[in-house]
Amino acid sequence: MLGSKRSRRRCTTALAGLGLLVTSAALQVGTSATPARAATTHRILFDNAHAETAGNADWIISTSQPDPLGQDSSPSAETDWTGALSSWGVALQKAGGYSLKTLPSGSSLGYGGSSATDLSNFDTLVLPEPNTLFTTAEKTAIMNFVKNGGGLFMISDHTGADRNNDGEDAVEIFNDLMTNNSVDSTDPFGFSVDSLSISSDHPSAISDSGDPVLHGSFGTVTKSLIASGTTATLKPADNSGVKGLLYRTGYSGNTGAFFLTSTFGSGRVAFWGDSSPIDDGTGQSGNTLYDGWNDTSATNAALALNATAWLAGSGTGGGGGGGGTCTAAQLLANPGFESGATSWTSSSGVVTSDTGEAARTGSYKAWLNGYGSAHTDTLAQSVTIPAGCTSATLSFYLHVDTAETTTSTAYDTLKAQVLNSSGTVLATLATYSNLNAAGGYTQRSFNLASYAGQTVTIKFTGTEGSTLQTSFVVDDTALNVG
């Protein structure tokens with residue numbers, strides 16, 4: 001028989017009201033936090049903290065930073081936002097399903113912190129021709145972000161394109177990132193950037209009708225362009241996931257790759273050898289720009305947008321999932337707990353029909369903590385995500401109530417995590433606390449598409465302090481794939 005937790009004390013109406021005053025997003029804690037990946041909105045961070053506007057460059061989506069919506073909340077034309085990348089940004093905004101932000105000048109890249117522009121809050125990082133070296137901490141942040149499921153878009157320029165005259169160009173900066181970091185310096189992405197300055201060319205796409213970057217929802221890619229750029233050398237022996245998609249005229253195989261994709265850990269990587277293709281010809285006053293975005297001799301817009309979609313996890317194949325087929329389905333067993341603890345592994349009494357906390361639907365739910373004393377509860381289920389699935393959305397409804405009166409300190413926490421078959425944490429999707437107390441249930445959703453082809457464990461861990469209860473109540477879970 002399922003036990004109920006009779007020693008729990010329900011929060012009073014007054015205390016629940018205090019919780020409503022603190023309805024911030026899930027609190028990210030610790031240094032191992034990983035991307036809290038949204039289910040329907042792909043969150044893209046464009047970097048502008050590494051001299052991306054030095055010289056004639058203007059590699060920003062908008063002058064309103066970090067949020068481009070501050071310049072125009074509903075842009076209909078690329079001129080509604082100011083920047084040489086505004087066409088890219090406006091196209092994503094108009095497509096729907098994308099949330100765009102910019103890391104402003106003077107900031108730094110971090111991962112696992114509390115900043116709104118921390119990489120843990122994004123699915124993809126775009127590095128549009130950086131012109132200052134990343135710090136040691138930034139390189140660690142970038143590499144861990146990708147390793148744990150993030151997408152990385154690296155856009156270079158030709159060797160010697162040192163726009164801020166600090167002795168470093170994008171070629172050197174990207175090679176330094178891949179060979180001089182604390183996470184993996186052994187050619188982690190399977191390529192190096194060539195020290196070349198190619199004046200002009202129209203690199204052609206390989207023939208691969210199934211590639212989601214070349215044949216994506218934003219169109220078919222046939223050619224790109226070089227207007228002073230470089231290429232990359234592939235090293236598949238170091239990373240078998242590396243793949244050249246467009247090649248400089250006369251090149252193929254492992255040399256002369258102008259656009260390529262790769263994988264690292266659970267994440268995805270794309271590289272482009274020139275910034276001219278993403279330039280829309282308009283920007284801030286005083287810059288000399290080139291409209292590669294709309295150049296009719298190439299299909300640069302489709303390439304940029306398809307690659308963004310693929311990196312964010314919405315492409316149609318590739319990237320960590322491997323081959324195979326996928327049938328749309330909900331994978332979790334006993335998702336609403338109405339069969340008791342069947343198919344779930346949990347602490348005693350977590351799955352319960354105790355009326356001290358109401359279920360969202362039916363009679364049963366998972367009630368973690370709520371004792372008002374030092375206590376840890378867990379709830380977990382293992383599931384295999386088919387290799388052919390390009391979407392995998394974990395969702396659950398969460399209700400938090402608390403007797404804590406603080407509006408600033410997280411005394412009690414609930415972690416939602418993904419573990420591998422060995423019990424190693426692959427991702428901490430989110431950490432909730434007494435600061436998230438509110439009336440009723442709220443649905444939380446996360447993208448697990450990067451784990452396609454793997455058997456993973458979905459685990460909730462609730463940790464309660466020594467006094468004053470906080471209850472974390474979970475109901476109506478789901479893992480929908482397609």
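Where is the place of P66?

**Figure 1. The cis peptide bond at P66 in the predicted model.** In this predicted model, P66 has its place in the loop between β1 and α2 (86-95). The peptide bond leading from Q65 into P66 is cis, and its omega is near 10°.

**Figure 2. Overview of the protein.** The secondary structure comprises 5 helices and 25 strands. The protein has 482 residues, of which 55% count as buried. Among contacts with a separation of 6 or more, 75% are between residues 24 or more positions apart.

**Figure 3. Strand β3 and its parallel neighbours.** Strand β3 pairs with β1 in the parallel sense over 3 bridges, and V126 of β3 is the bridge partner of F46. Strand β4 (residues 151-155) also runs parallel to β3, the two being joined by 5 bridges. Here V126 has F153 of β4 as its bridge partner. From β3 the chain passes through α3 to reach β4, in a β-α-β crossover that is right-handed. In β3, 5 of 5 residues are buried. In a regular strand, side chains alternate between the two faces of the sheet. Both faces of β3 are covered, with T124, V126 and P128 buried on one side and L125 and L127 buried on the other.

**Figure 4. The salt bridge between D123 and R43.** The structure holds 7 salt bridges. In the one formed by D123 and R43, the closest N and O atoms are 3.2 Å apart. D123 lies in the loop between β2 (98-103) and β3 (124-128), whereas R43 belongs to strand β1 (residues 42-47), so the pair ties together parts that are 80 residues apart in sequence. Both D123 and R43 are buried.

Figure 5. The side chains of D176 and K139 form a salt bridge with an N to O distance of 2.9 Å. Because D176 lies in helix α4 (residues 170-179) and K139 in helix α3 (residues 136-147), the pair ties together parts that are 37 residues apart in sequence. D176 has a relative accessible area of 18% and is therefore buried. K139 is likewise buried, with a relative accessible area of 5%.

**Figure 6. The salt-bridge network of E129, D157 and R163.** R163 and D157 form a salt bridge in which the closest N and O atoms are 2.9 Å apart. Salt bridges that share partners join E129, D157 and R163 into one network. With a relative accessible area of 24%, R163 is partly exposed, whereas D157 is buried at 3% relative accessibility.

Figure 7. Helix α5 (residues 300-311) contains 12 residues. From its first C-alpha to its last, α5 reaches 16 Å, close to the 16 Å expected at 1.5 Å a residue. The helix is mostly covered, as 11 of its 12 residues are buried. The buried residues of α5 include N300, L303, N306, W310 and L311. Just after α5, G313 adopts a positive phi of about 100°.

**Figure 8. The open antiparallel sheet.** An open sheet of 5 strands, paired in the antiparallel sense, has the order β16-β19-β24-β21-β22. Its edge strands are β16 (345-346) and β22 (425-433), each of which pairs on one side only. Within this sheet, strand β19 (residues 375-384) and strand β24 (residues 455-464) run antiparallel and are joined by 10 bridges. T384 stands opposite T455 of β24.

Figure 9. S343, a residue other than glycine, has a positive phi near 75°. S343 is found in the loop between β15 (329-330) and β16, where its relative accessibility of 41% makes it partly exposed. N369 is not a glycine either, yet its phi is positive at about 65°. N369 lies in strand β18 (residues 365-369) and counts as buried, at 0% relative accessibility.

How values were computed:
Residues numbered from 1 in each chain as written. Predicted model: local features only at pLDDT ≥ 70, side-chain atom pairs only at ≥ 80, totals over all residues. Heavy atoms only, no water. Salt bridge = Lys/Arg side-chain N within 4 Å of Asp/Glu carboxyl O. Helix = DSSP H or I, 4+ residues; strand = E, 2+ residues; numbered from the N terminus. Buried < 20%, exposed > 50% of the residue type's maximum accessible area, 1.4 Å probe, protein only. Pairing = 2+ DSSP bridges. Right-handed = clockwise from strand over helix to strand, strands pointing away. Expected span 1.5 Å × (residues − 1). Contact = heavy atoms within 4.5 Å.
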